[in-house]
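Please read the following alongside the sequence and the coordinates.

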Amino acid sequence: TGHRRIEAAVAGLLALSELSEEELLVANAEIDATIQERVRAISFGKQLAAEGVVTVALDDQGNLLRHHPDGTATVVDTSPA
């Protein structure tokens, strides 16, 4: 059935090119939903800090912060030089 073919394609057991246009639409939606779920669950900042990488992010006030691997953060001066 179409549902089994879609599941097989999402699992990598069937090439996406083997699906009909309708099946491909559903498969892409399922893949997109899975990616979004995983992205929400991953803390890239923590992962990168564990590897010694400095990252930047905006705080709630819109300030650009530099996050250091040791857990400290400093405000990045964004004023024109």
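Is Arg-5 buried, partly exposed or exposed, by its relative accessibility? The model is a predicted one, and in it Arg-5 has a relative accessibility of 31%, so this residue counts as partly exposed. Its partner is Glu-23: the two form a salt bridge in which the closest N and O atoms are 3.0 Å apart. Arg-5 belongs to helix α1 (residues 2–10) and Glu-23 to helix α2, so the pair ties together parts that are 18 residues apart in sequence. Glu-23 has a relative accessibility of 13% and therefore counts as buried, the cut-off for buried being under 20%. The structure holds one salt bridge. Side chains of opposite charge can pair when their charged atoms come close.

The strands come next. Three of them make up an open sheet, ordered β1-β2-β3, with antiparallel pairing. β1 and β3 (73–75) are the edge strands, as each pairs on one side only. On average, neighbouring strands of this sheet are turned by 30 degrees against each other, direction ignored. Strands of a sheet pair through backbone hydrogen bonds, either parallel or antiparallel.

Between β1 and β2 there are four bridges in the antiparallel sense; Leu-58, for instance, has Leu-64 in β2 as its bridge partner. These two strands form a hairpin with five residues between them, and Gly-62 in the turn has a positive phi of about 90 degrees. On the other pairing, β2 (residues 64–67) and β3 are joined over three antiparallel bridges, with Thr-74 in β3 as the bridge partner of Arg-66.

Thr-55 is in strand β1, which spans residues 55–58. Its relative accessibility is 18%, so Thr-55 counts as buried. Apart from neighbours within four places in sequence, Thr-55 is in contact with Leu-48, Leu-65, Arg-66 and His-67.

Val-53 is found in the loop between α3 and β1. With a relative accessibility of 33%, Val-53 counts as partly exposed.

Definitions and conventions: Residues are numbered from 1 along each chain as its sequence is written. This is a predicted model: local features need pLDDT of at least 70, side-chain atom pairs count only at pLDDT 80 or more; totals for chains, interfaces and linings use all residues. Side-chain values use heavy atoms; hydrogens and water are left out. Buried means under 20% relative accessible area, exposed over 50%, partly exposed in between (1.4 Å probe, protein chains only). Contact means heavy atoms within 4.5 Å. Two strands pair if DSSP finds at least two bridges between them. Axes are lines fitted to C-alpha atoms, for helices over the stretch in contact, and angles run from 0 to 180 degrees between N-to-C directions. A salt bridge is a side-chain nitrogen of Lys or Arg within 4 Å of a carboxyl oxygen of Asp or Glu.
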